[in-house]
Amino acid sequence: MSAKKRNSSKNSSKSKTRRQGVSGNPQRREQAPRPDPAARAMAFRMAGGADPAPWWPESHQRVIARARAESWPPDPVGTEDLTARIVGGELHERLRRHRDGHQFAQWLVALTEAAGAALAASLDSGDWRGLASLLRGIALTAPRPPAYDEADGSTRLARHFPSIQDPYGTALAETAQAAKLLAERGLDAEPGLSPDSGTALRPAGAPLVARDSYGSRFLLAAPFTYESVSAGTHWYAWDIDACWIDEVVAAGAFGSPGEALADWRGAVGPRAAGADLEGCPPDLAVRLLRQPLETGPFAEYVKGDEPAELMREYYRQRRRAREVSASVLRGRQPAAAFVVDMDAERDAFLEWYARQHGREAVTAGMAEAVDTITDQWGPHKDVDDPVFFACSPHRIQTAARLIRNGHYGEHATPAIRLLPEWTRWCAERGGIDGGTAALAVEAARSAAAALAGATAAVPDHADPGPFRKPE
């Protein structure tokens, strides 16, 4: 019943030849090959050194003008909220208008520098207070550098290019310079506009987690407070959809965990009605925050149809994720990635199928059909066992469409026809029962009826609905 083992590791022998490096001898260094300029330029861009897009200066001036015009609240949460609306709102607008130039980290670096320069130029006119608040808000929301070395190597790559600035370091430098200029003139700066204003935020406790009855939609909520100010505790929450690609579909600040839970239940629908927040294991929290914790060339990837509410939180949710990660890991590296043995699960399903329908019902091509399902079952960064067995209608419909549109040849139709039985097995393994399981099986049957015999690709718009989908 087994198909070829896709997860088996291959033994590799290490080369016994000595690694060839660049010699310390100056004459030999002169003979060493020069780095390819094109390759170095590509590496520079991948590390975060992309050239500014033509639309950046006008975009930055829009943000600066709005910051000057706003009435800024005195409290740090209010400052963050308004910064998110101004800066993230501008990102959303530019995403709709421009096809390229969306290097969001470098865009924020350039914006911060432009705001600092505008503040310095405005000291004589007195039109600087809104810019001071903007700088403070950027310092509170700009993502920190990772708390640990990233495995993808992009962080290490950036070390080779010291000219590349990160948003957090730039925000601290600009707020320090602004505070110095204001102090020299005897001007009263906004509270928190100081070199350490970016470190005023800290987690105030362990994160909590809730998941829907299918097991693949999460609410992660964490308490935060500010040092040196009596602002009390607030909560930041992420709505994470792990149906196919584990991604943040909403995020924001709340006054209490109950407010965050009520908002999430309303978005997810009946499958979240019975969910409650409970303690979240540290490594699960880090796995759930994989997307906002990611660094490197693909960390700034967006689909392009993100709603304005989510784009407003683009920077802040990444900053808060870094704060949570640093707090729960307490200086240690995260645990090894959670991995599902797809071969073992395929074989377990085939054994279950044989018990349900008889050994003769397990045909020669069924193992390949199961492999085809698991290729598109997602998420491709596994979270835990319940997520693998989660079988929401959203996930089933996505998998069926991707199988039909993929290059699976003769295996596509058997795989789609097998989805109802695969869904029943997943529901049993995941402890999903009653009406929740029945909805999943019905979704699988509908997908099989609609797509198993299809000869043409299903259009991408075949999955309508909001970005933050109900389950």
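How many helices and strands does the secondary structure of the chain come to? And which residues do ring pairs link into a cluster?

Modeller: The model is predicted. Its chain has 19 helices and six strands. Of the 471 residues in the chain, 50% are buried. Among contacts between residues at least 6 apart in sequence, 74% join residues at least 24 apart.

Now to the rings. The count of aromatic pairs is 13. One of them is formed by Phe349 and Tyr353, with 6.0 Å from centre to centre and 50° between the planes, a tilted pair. Both residues belong to helix H14, which covers residues 342-357. Phe349 and Tyr353 are four residues apart there, about one turn of the helix. Both are also buried.

Another pair is made by Phe389 and Trp425. Their ring centres are 5.6 Å apart and their planes stand at 80°; planes over 60 degrees apart count as edge-to-face, so this pair is edge-to-face. Phe389 is in helix H16 (residues 385-389) and Trp425 is in helix H18 (residues 412-430), so this pair ties together parts that are 36 residues apart in sequence. Phe389 and Trp425 are buried.

These two pairs bring us to the cluster. Ring pairs link Phe349, Trp352, Tyr353, Trp377, Phe388, Phe389, Trp422 and Trp425.

Arg318 lies over the face of Tyr314, at 3.8 Å from the ring centre. Arg320 lies over the face of Phe224, where the distance to the ring centre is 4.5 Å.

For a view of helix packing, turn to another part of the chain. Two packed helices are described by the angle between their axes and the distance between the axes. For helix H4 (residues 76-97) and helix H6 (residues 129-141), the angle is about 95° and the axes are 8 Å apart. H4 and H6 are therefore roughly perpendicular to each other. On the H4 side, the residues in contact are Pro76, Thr79, Glu80, Thr83 and Val87. They meet Ser133, Leu134, Arg136, Gly137, Ile138, Leu140 and Thr141 in H6. The residues of this contact divide into five nonpolar, five polar and two charged.

Terms used:
Residues are numbered from 1 along each chain as its sequence is written. This is a predicted model: local features need pLDDT of at least 70, side-chain atom pairs count only at pLDDT 80 or more; totals for chains, interfaces and linings use all residues. Side-chain values use heavy atoms; hydrogens and water are left out. Axes are lines fitted to C-alpha atoms, for helices over the stretch in contact, and angles run from 0 to 180 degrees between N-to-C directions. Helices (H or I, at least four residues) and strands (E, at least two) are DSSP runs, numbered from the N terminus. Angles under 35 degrees count as roughly parallel, over 145 as roughly antiparallel, 65 to 115 as roughly perpendicular and the rest as oblique. Contact means heavy atoms within 4.5 Å. Ala, Val, Leu, Ile, Met, Phe, Trp, Tyr, Cys and Pro count as nonpolar, Asp, Glu, Lys and Arg as charged, and the others, Gly among them, as polar. Rings of Phe, Tyr and Trp (its six-membered ring) pair if their centres lie within 6.5 Å; planes under 30 degrees apart count as stacked, over 60 as edge-to-face and the rest as tilted. Buried means under 20% relative accessible area, exposed over 50%, partly exposed in between (1.4 Å probe, protein chains only). A charge sits over a ring if NZ of Lys or CZ of Arg is within 6 Å of the ring centre and within 35 degrees of the ring normal.
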